[in-house]
Amino acid sequence: MSKDTIGNLLTYIRNAGINKKRTFRIPYTNISKNIVKILLREGFIENMRKHQESNKYFLVLTLRHRRNRKGPDRKVFNLKLKRISRPGLRIYSNYQGIPRILGGMGVVILSTSEGIMPDREARLKGIGGEILCYIW
């Protein structure tokens with residue numbers, strides 16, 4: 001397992017969606033907890049809870065699935081995640097240069113001096129930071 005906890009978090013969510021898993025667990029870190037809270041507030045994740053197993057903590061996530069038009073019992077996960085700033089190349093932006101994903105329908109998650117927050121909140125506060133990922 002690599003040291004890129006944000007990349008690992010996005011990969012766990014992406015793999016759960018591809019394999020149509022509704023509930024899965026990820027290792028608990030403060031960064032992953034904050035990003036998952038943003039996903040919960042934005043409506044991409046249905047539920048989150050903390051779970052302990054032999055002195056290790058995990059976050060158990062429940063994904064929000066959408067029904068496919070082809071059949072009433074088939075579920076499809078339509079969430080796209082893209083890691084922007086990575087350990088080898090950090091990407092920073094001021095509040096005016098924060099990109100809009102799908103004309104404001106997507107979410108840009110930033111790491112600012114006031115913590116991890118979505119793009120809308122950073123624009124309102126007038127602060128920029130490191131662009132962590134895009135979610136749409």
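**The sheet and its surroundings**

A: In this predicted model, the protein chain exposes about 8,400 Å². Carbon and sulfur atoms supply 48% of that area. Of the 136 residues, 40% count as buried. The chain has 3 helices and 10 strands. Along the sequence they follow the pattern α-β-α-β-β-β-β-β-β-β-β-α-β. Take the contacts between residues at least 6 apart in sequence: 55% of them join residues at least 24 apart.

Now the part to look at closely. Three strands form an open sheet, in the order β1-β3-β2, with antiparallel pairing. β1 (23-27) and β2 (45-53) are the edge strands. Each has a single partner strand, so one side of each is left without a neighbour in the sheet. Neighbouring strands are turned by 30° against each other on average, with direction ignored.

Strands of a sheet pair through backbone hydrogen bonds, either parallel or antiparallel. Here β1 and β3 (residues 56-63) run antiparallel, joined by 5 bridges. Pro27 has Phe58 as its bridge partner in β3. Phe24 stands opposite Leu61, also in β3.

Two helices pack on this sheet. Helix α1 (residues 5-18) touches β1 and β3. Its direction makes about 165° with that of β1. Helix α2 (residues 30-42) touches β1, β2 and β3. The direction of α2 makes about 155° with that of β2.

Next, the faces of β1. In a regular strand the side chains alternate between the two faces of the sheet. In β1, Phe24 and Ile26 point to one face and are buried.

Arg25 brings in the charged side chains. Side chains of opposite charge can pair when their charged atoms come close. Arg25 and Glu53 meet in a salt bridge, at 3.1 Å from N to O. Glu53 lies in β2 and Arg25 in β1, so the pair ties together parts that are 28 residues apart in sequence. Buried or exposed? Glu53 has 38% relative accessibility, which counts as partly exposed. Arg25 is partly exposed as well, with a relative accessible area of 39%.

The structure holds 9 salt bridges. Another of them joins Asp4 and Arg83, whose closest N and O atoms are 2.8 Å apart. Asp4 lies in the segment before α1 and Arg83 in strand β6 (residues 81-83), so this pair ties together parts that are 79 residues apart in sequence. Asp4 is buried, and Arg83 is too.

A further salt bridge is between Lys125 and Glu121, at 3.6 Å from N to O. Both residues lie in helix α3 (residues 119-125), 4 residues apart, about one turn of the helix. Lys125 is partly exposed, at 44% relative accessible area. Glu121 is partly exposed at 26%. Salt bridges that share partners join Arg41, Glu114, Glu121 and Lys125 into one network.

Last, a piece of the surface. Leu102, Met105 and Trp136 form a nonpolar patch, with about 360 Å² of accessible area together. Met105 sits in the loop between β7 (92-93) and β8 (107-112). Its relative accessible area is 66%, and Met105 is exposed.

Technical notes. Residues numbered from 1 in each chain as written. Predicted model: local features only at pLDDT ≥ 70, side-chain atom pairs only at ≥ 80, totals over all residues. Heavy atoms only, no water. Pairing = 2+ DSSP bridges. Axes fitted to C-alpha atoms, helices over the stretch in contact; angles between N-to-C directions. Contact = heavy atoms within 4.5 Å. Buried < 20%, exposed > 50% of the residue type's maximum accessible area, 1.4 Å probe, protein only. Areas by Shrake-Rupley, 256 points an atom, 1.4 Å probe, with all protein chains shown as cover. Patch = residues over 30% accessible without salt bridge, like charges linked within 9 Å, V, L, I, M, F, W, Y side chains within 5 Å. Salt bridge = Lys/Arg side-chain N within 4 Å of Asp/Glu carboxyl O.
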